[in-house]
Each structure stands twice: as C-alpha cells, then as structure tokens.
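The following report describes selected side-chain contacts and surface features of a protein model. Please consult the sequence and structure shown below alongside the text.

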Amino acid sequence: MAFIRRRRLERELYSKERFSLLLLNLEEYYFEQHTANHIINKDCKDERKFRGSLKICSKSIIFEPDDNIQPIIKIPLRDCSSIKAPEDNEANNPFTRNTPGGISVVCSQVFLIKDRNVIAPYKTIRGRTEHLFQLDVAWKVGDVVQTLHQLYRASCLDKMGDQAAMITAILQSRLARTSFDKYRFQSISETLHMECKAEMVTPLVTNPGHVCVSDANLYFQPLNGYPKPVVQITLQNVRRIYKRRHGLMPLGLEVFCTENDLCSDIYLKFYNCQDRDEVYRLIAKYIENHIAEHTAESYVLQWQRGHISNYQYLLHLNNLADRSCNDLSQYPVFPWIIADYSSSVLDLTKPETFRDLSKPIGALNKERLDRLVKRYQEMPEPKFMYGSHYSSPGYVLFYLVRVAPEYMLCLQNGKFDHADRMFNSIAETWKNCLDGATDFKELIPEFYENDSSFLVNSLKLDLGKRQGGKMVEDVELPPWASGPDDFLQKCQEALESPYVSEHLHEWIDIIFGYKQKGSEAVAAHNVFHPLTYEGGVDLNSIMDPNEKVALLTQILEFGQTPKQLFTTPHPQRKIQKLKSLSRTSSHSTSIAESPVSPNEESFEDLTEESITLAWNNIAKLKLDTQCKIHKEAITGIAVTCNGSSVFTTSQDSTLKMFSRDSKTIQRSVSFSNMALSSCLILPGDTTVISSSWDNHIYFYSIAFGRQQDVLLGHDDAVSKICWRDGRLFSASWDSTVKVWHCVPGETLSNKKHHFELLAHLEHDVSVNTMDLNAANTILASGTKEGTISVWDVTTATMLHQLPHHSGTVFHAAFSPDSRHLLSTGEDCCFKVIDVQTGMLVSSVTTEEPQRCFKWDGNTILSGSQTGELLVWDLLGGKVTEKIKGHTGAVTSMWMNEQCNSVITGGEDKQIMFWKLQY
C-alpha cells in the first residue's frame, strides 16, 4: 500500500521530529529554521523558557519545542500586529531587555499543535499575545526580521493572487542566490550534466530546491535542508520515469526505482517545460526499453492474455494517466466492485453481487440520475452532470484518515471532518454513493491491497462522536467479512473474479477511455465540470493572477479527470484456462474461468499441451536439411498431409515438388514467364493452387501431373491465396480481395462454372497479404501503404481500417484463438490489434524488417531481412533467441500443426528444414 508505506517510512526516518511540512497551509513554503528559545512571561515570577527550533515559513512562524510534551506553536503572519527586534530606545522594555538575539512577535491568534505529542485537531488561542524568540545566533536577528516583514506584507495583501506573486518572487530570489552544493556528490569523479531549480512534490505539499543531474546520480537539495540535506537517486537503479501534469501544467516528473510499486522514489515539479524535458532526457538514457514503459498498449495484451492481474493492469493505467500517490488531486482511482454489503456470505458467482461496471457511480441509481439529467438539460453552458468528482484529495483522505490524520488536518485547516461524515461503515459509504445528491466517489487502490490498517483506528485518534453518541473507531465491515484482512482478501477475489475480468473494460472505457469525453460521455452520463479535464483550461492564457490562483485552487480541491488513454472501445478480457496471476511478491491470486478436471482431459487438451510445449521450446529449433531448388527467391511453401512432399513457388515462375525422403526435386512446372507468389494444397492432397504475378491463379493436379484449371480473377498480380471450406480467397495488387466458390474440375463437365465470385472486398491500394481467422468469418488484409483492414466475410463489410504501418505490410496472421491479429512490415514493427475493437494493443520495434512469421499469441518465430530466425517474447517486447539461417531475407515460412517442424524459404533460393530438439 503505497501511501501507508510512505507514511511509515517517514515516521521511521524522522521519528524524532514532530514538525512536518503538513503543518503548513496549502501552497505554503518552509524557508529556514533557527535554533532558539521561546520565552514566556519574560522577567516575571512564572517566566518559562523552552528550547527548540524556529521555522520561518511563507505564511506563518512555527516554533517546535525540543520537549515533545509541549505543543508546537503556529503563528499566522496575517494575524501579527508587530514583529521586531529590540532597539536601543527600548532598553527599558522589560520584555526585550537583556535578551540578545531576541525577536518579539505580537499576534491576535495562535494555533497549538500536537499538545502532549497527540495528533488531534489544532487548538486555537484567540486574543492578543506576545511571544519572544531568542535566537542562538544573535547576529542573524536583523535578516530574520527583515524576511518576516517581507512575508508579513505579502500575507496582508487583499487578493490571493497578489500574495502568491509576492511570495513566489521572494522564493525565486532565494533560489537564485543559492546553488547545488557540489560537495554533496557521491564521488569526486562525477561529472555535472545539468542543474536547475525545482520543487519536490509530496502529498499536499511542495518543497523548493535545486536539482542536479550528474553522469551517475540524480540529486535534489531542498532549499531548507528538510527533511534531509540532499535526496540522491542512482541513475542505474531507475526503472521507470514519467512526465506528469501537475497543477494542470506539464511540469512534473516522477522517477521510480521499482518495476511495479505505485509509490515513486521522487516526484519533481519544475518551473518550465524545458528543464523538465532535459532532466527526463538525461535520466531516460539509463533505462533499457524505456519507450515500452510509456504506452498503454504495452500492457493491454499482457492483461488480455492473463499475464498480469486486473489489479496490476489498473495500476499501470493509473500511472500512465498521470495518477500518482504523491498528488492527492490525481490519486490512483479504482472501482467499486462489490454491491452486496448485507449478506452473511459473499457469492462471487452471482452477477447481482457486483456493481454495474458499464456505468459511472452517478448513473447507478436511476431516480437520482433522472434528477441529474433534468438539471443538466436545463443548465446553461458549460454543462456538467455532477457537481463533485469521483476522485479528490478530500475523498482520498476520507478513506485514509486513520493512517494519515495529519494530511486530513492539513487539508481541512487543522480540523477533522464531522463525525457523522467520516468513513464509519463500508455499507453506509456505498449507500451514500448510490443515493447521495453529491457523492459520486470511487475507491482507491488500498481496498485491493494487503494492508488493512486504514480500516482500523490503531493510533487511537479522537475522531469525534456520532449523533447516536457512538465514538468513531474502526470502520464497520459487512457481515460477510470476519475482519479487516478478510475484507480486503474478499475484495481482491472480487476484483480478479471471472465476472469482473469480463466487464472491467467497460469501466476503463468510462474512466480512461472513449466514454470519458465528447458525445460518448454524454450518452454514458459521464460528464463532469469542464475544468476537471486535461486541456479544460489554459492557465498560461489567464493574465489575472488572482483569477489564476482561484481557478487552480478550485481545480486541485475538486479533483481531476485522468488523462484519456484510449479513444476507441477497450478490448474485453477472456481467460479460457486456469492461470495464476502474481500481483506482487507477497500476493497472488488465481483466476479460474473454465477449470478442467484431470479426469476430464481430452485428446484436444493433450494436443494443446504438446503445442504449448513446442512453443515453450521454440528457441531450440535446429537445422536438419537445406536444399537450393530455385533460381530466384522462394515465395510460398505447402506440404502434403503425410509430410513427404513439399511444394514451393518462386519468383523464377516455377512450382516445384520436393521429396523430403529422397531430398530430390520430383517435378518442376512453369505456368507462365511471370513470378509465382504463393501456393497451397487442397484437402485430399490432389491439387496444388498457385498464384501468379500474371494476374492468374493456376490449379495443378498432383495425380495427373498437369495444369488442371486456371482462373483469371484479377487485373494485376495476385499476391496471396487462401483456401477454406470450399472457398478460395485471393488478394491482389489490383486493390481487391476476392472470395470464390470453387469446385475441382474433374467433378464438373462444364469448366465455365468452376468459379463463382461470392464477394469483392475493395481496397484503396494494392493488397500484399491476407489471413483468415479459425472460424473463416473474419479476414484481415495488409496493403503496400501499411494499412490493415479487417473484414466480416459473411457480410463482405469492413470492420476496421487501421493505418498501423508506414510502408508495405509483409505478413499478417490471426492468433490461434482469433482474438488478436499480428502484422509486420517494412517499417520494422510488429503490431498487434484486438480484432473485436480494432485497438492497437501492442507494438514492438525491430532492428530490421521481419518478412514472415508464425506465432501462438505470445511468442513469435520470425524470418528476418538478413536471413536469421528470431524468437520474440511479444509481451516483453524483446528477442530471446537468434538462429542463423539464410544468407538473404527469409521470404516464406511453413509450420506443421504440432508446431515442432518448420520449413523456411529465402532470397538465397534455398529451402531449410528445421526440427525442434527438446
């Protein structure tokens, strides 16, 4: 649990300090500290002196006594009437006499914090009080008083924008007068690459200082030296880095030294985009496969294939959508999953147990929605359906107040919320989200993690008394949960359940996807205030500083909509087999959608197991035989059912029949003087069909050893042919794919009726390749201009047209389950699309073009431009094995049904026979 882990780490590191930046107001800075004594009732019988630290902040003076029984004193500068040092003409003043290094502060209001070291709402002391602070270093008094006078003048300005502008000027002046201390380098041999000003961001607060990037480390040195003199991150340890939108501006940068943790090692906010982008560039050089970390598509396929859990996938999407545990206005958002909080047993097999994930929270209650829609329709522009957001700092701390009380006190000016409005009960909170007029909040990741401390008042906080007289203690759990840990365990099981796996994409469409904005958002009743959306307001265009500050404050407190990651419907997840999904090193969960008993294992299951075994060992392919049988590049390979005869086509215009047993060419046939582009064998091993650049398709009878028939079906070269269920599919450079009903010539007396055109699929440019899904209902084609088209063959209609490649598409093929389509082209890219939605779910860049391939949905065996066979881990986006093969491009590839035998053909005019050796 990122937030809770961070809080615990902070308490361990700085357990001796009671002061924290959370004692400051929002948007306040801590400038400097001085060791001092706080003297009360000077020269009186009850004079008391407390030693401690005086903190100078942009809007307040804070004194932290060394004695932790004594309260921390916070004096707002706006409530001060006098701030001065003793003058010579005040020698007779008993309050300042004989007090070298003293500073007198007179104020009308003081806050007492952590009295007796107890976290509780701040105590307010109203009325005129006078405080004397005696600095250990007396000569600094003049500078401190001058600084306090400056800050006092800023705090007394009427308008917030003017206050912010003056404080910013003071801050920038301080930063300009300092620089990074090079003595803080870890090694004297380090080389400085860049230094700039920035702020370190933690929840609710920012801390200004200097960023320094060397050839080995990233450093941040706080201006005030708090919480430690320098933060250092070794660049070699960085695993992920994200550009962030902070305060609606593209100024943030978050750095992670872990692969999966939600909590980063440092979050920086820069003062301009140029500095942020340069630091990003310098750090990114140290990260292997850095680009793959920054696209949602790099995770979609992993999620669909069951390689990452629903929980992990949502964490990745939140990360990519600028959600960070360091920014409470953009805290990671997770869905309410369970809708049943009254039953004694939670039944995850019943759909009614779950919330409708296709609707936002505000649309789950029809009566409430009707009222909201009516108001929306009557509202002038800009319109919005919901007056509050589903994620905001207040909502995050509503859930986490028991483990992060100081954050709640910071956000709410030293107060907890009213006891009846606290997070008292799971069932009450869910009911209020369903029925409340202004409550539309979703959940946070902690509900699906392992640490249940946020549900328990282990700190014994006094959170108030409810109307019925009951104190606010632990969160009341539903009857089906035996305790906090059991509650979280069942929430995890619900999130990873089959129902949620099949419906989570609907919620993603609403929060991160195409239903987030525009007409689809209106139709889905998913419209929030325009200011909450990325690009909803351009702060740079607002010249009035007061308007800008007011707008920024409003947006940050209201919450922000995540960055839109998808603009088309998100693919659905369906896991057919039992899979174990590891979420973290300490947590794993299993998804069983259709478990199969060992006693029910079928022949098909055994065949599938052998295929899986073959693909798991595909890197162990060994060359068995190679033969040079053509005069030009080989374009097609077909093998008879018994595997004894191999037919090949070539750009040398010949079709050849090769015997695997005798390793000799048995037949060589030439239909014309033009190149042949592909070949296939009809069921029964009686006929070979070849396509030609002369616009014809030739039928060759194996039994009779002659040309049996010819089809003039196109106006340009035929590039690829397929045969399924008595139908011939032909792709051509004439920009068409045609579907023919075809009957072998021997069965008919009239040759004119051999071919009936069933469908004509028109393209804009030349078609270079095609493939059909297992059911023969969906056809995919790839063109010379890089477009992938997906067609419904039954209706001859185009489902998707996707310009995914730049340049010719060499090859395209469906996955065995037909859910995904993989393509490769001369742009040196593999692309995977979800067939149902057309969404690009994976993209892998290759060093050179891959001309042909076979794949099982996870692993690719490809033939490269330089002749190597490459084995790819598609989900990891990397090559796992390189196998030396042809001396020119691999132009054709055949694989048997068991996936343990491969034949390749190349530009070197050879065919190579490969066998899998376990």
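## Aromatic pairs and salt bridges

Tyr341 and Trp430 are both buried, where buried means under 20% relative accessible area, exposed means over 50%, and partly exposed covers the range in between (1.4 Å probe, protein chains only). The ring centres of Tyr341 and Trp430 are 6.2 Å apart and the planes stand at 55°, so this pair is tilted. Rings of Phe, Tyr and Trp (its six-membered ring) are paired if their centres lie within 6.5 Å; planes under 30 degrees apart are stacked, those over 60 are edge-to-face, and the rest are tilted. Tyr341 belongs to the loop between H6 and H7, whereas Trp430 belongs to helix H10 (residues 426-435), so the pair ties together parts 89 residues apart in sequence. Helices (H or I, at least four residues) and strands (E, at least two) are DSSP runs, numbered from the N terminus.

The model is predicted: local features need pLDDT of at least 70 and side-chain atom pairs count only at pLDDT 80 or more, while totals for chains, interfaces and linings use all residues. Residues are numbered from 1 along each chain as its sequence is written, and side-chain values use heavy atoms, with hydrogens and water left out.

Tyr341 and Trp430 also belong to one aromatic cluster, whose members include Trp336, Phe398, Tyr399 and Phe423. Across the whole structure, 35 aromatic pairs are found. One of them joins Tyr311 and Phe334, with ring centres 5.7 Å apart and planes at 45°, so this pair is likewise described as tilted. Tyr311 lies in helix H6 (residues 310-320) and Phe334 in the loop between H6 and helix H7 (366-378), so the contact ties together parts 23 residues apart in sequence. Tyr311 is buried at 3% relative accessibility, and Phe334 is buried at 0%.

Turning to charged side chains, the structure holds 25 salt bridges, each defined as a side-chain nitrogen of Lys or Arg within 4 Å of a carboxyl oxygen of Asp or Glu. Three of them are tabulated here.

| Asp322 | Arg244 | 3.7 Å |

Asp322 lies in the loop between H6 and H7 and Arg244 in strand S12 (residues 240-246), so that the bridge links parts of the chain 78 residues apart. Both Asp322 and Arg244 are buried, Asp322 having a relative accessible area of 3%. The bridge from Asp322 to Lys563 spans 241 residues, with Lys563 in the loop between helix H14 (545-558) and strand S15 (579-584). Lys563 is partly exposed at 24% relative accessibility. Arg244, Arg245, Glu254, Asp322 and Lys563 are linked in a network of salt bridges.

On the surface, Asp158, Asp162, Asp544 and Glu547 gather in a patch of negative charge. Such patches consist of residues with over 30% relative accessible area and no salt bridge, like charges being joined within 9 Å. Asp162 is located in helix H3 (residues 160-176) and is partly exposed, with a relative accessible area of 32%.

Gln146, in helix H2 (residues 141-155), is exposed at 51% relative accessible area. The C-alpha atoms of Gln146 and Lys84 are separated by 8.9 Å, and these residues are 62 residues apart along the chain.

Definitions and conventions:
Patch = residues over 30% accessible without salt bridge, like charges linked within 9 Å, V, L, I, M, F, W, Y side chains within 5 Å. Areas by Shrake-Rupley, 256 points an atom, 1.4 Å probe, with all protein chains shown as cover. Lys, Arg positive; Asp, Glu negative; His and termini not counted. Charge placed at Lys NZ, Arg CZ, Asp CG, Glu CD.
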